[in-house]
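Me: Can you walk me through reading charged pairs and nonpolar cores in a model like this one?

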Amino acid sequence: MRALAGKRIKVAGWMMPLDAQRTQKRFVLLGYPPGCPFHFHAAPNQFVEVIASTPFPTDERKVFVVSGVLELTGYDESGIFYRLRDARPGLL
């Protein structure tokens, strides 16, 4: 992962919105759908915080492909290991 730090990458996952808006500029991308009965707690390596340059429509039912610049946070007090900055919709 360190080789990817600071580079634009693409990841796919399910959105977990952080507020009740119709669009999200900051959200968490999970490796499984929110509310999945088999994944009660996400480990820090199973999600990425997304800071978007353009808003994404809020939809917890679909998989999003996100392109952004990877930031490795280490382990900060929020429990986040990975962050995508300048994120925007990506294509497969």
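Predicted model: local features only at pLDDT ≥ 70, side-chain atom pairs only at ≥ 80, totals over all residues.

Me: Is Asp86 buried, exposed or partly exposed, and what is its relative accessible area?

Reply: Buried means under 20% relative accessible area and exposed over 50%, with partly exposed in between (1.4 Å probe, protein chains only). Asp86 is partly exposed at 36%, and Arg88 is partly exposed at 36%.

Me: Which side chain meets Arg26 in a salt bridge?

Reply: Side chains of opposite charge can pair when their charged atoms come close. Here, Glu49 meets Arg26 at 2.8 Å, N to O. Glu49 is buried at 4%, whereas Arg26 is partly exposed at 45%. Glu49 also bridges to Arg83 at 2.4 Å, and both of those residues are buried. A network of salt bridges links Arg26, Glu49, Glu71, Arg83 and Arg85.

Me: How many residues does the largest nonpolar core have?

Reply: In soluble globular proteins, nonpolar side chains tend to be buried together. A nonpolar core is a set of buried Ala, Val, Leu, Ile, Met, Phe, Trp, Tyr and Cys residues joined through side-chain atoms within 4.5 Å. The largest one here has 14 residues, with Phe27, Leu29, Val50, Phe56, Val66 and Leu84 making the most contacts inside it.

Terms used:
Residues numbered from 1 in each chain as written. Heavy atoms only, no water. Salt bridge = Lys/Arg side-chain N within 4 Å of Asp/Glu carboxyl O.
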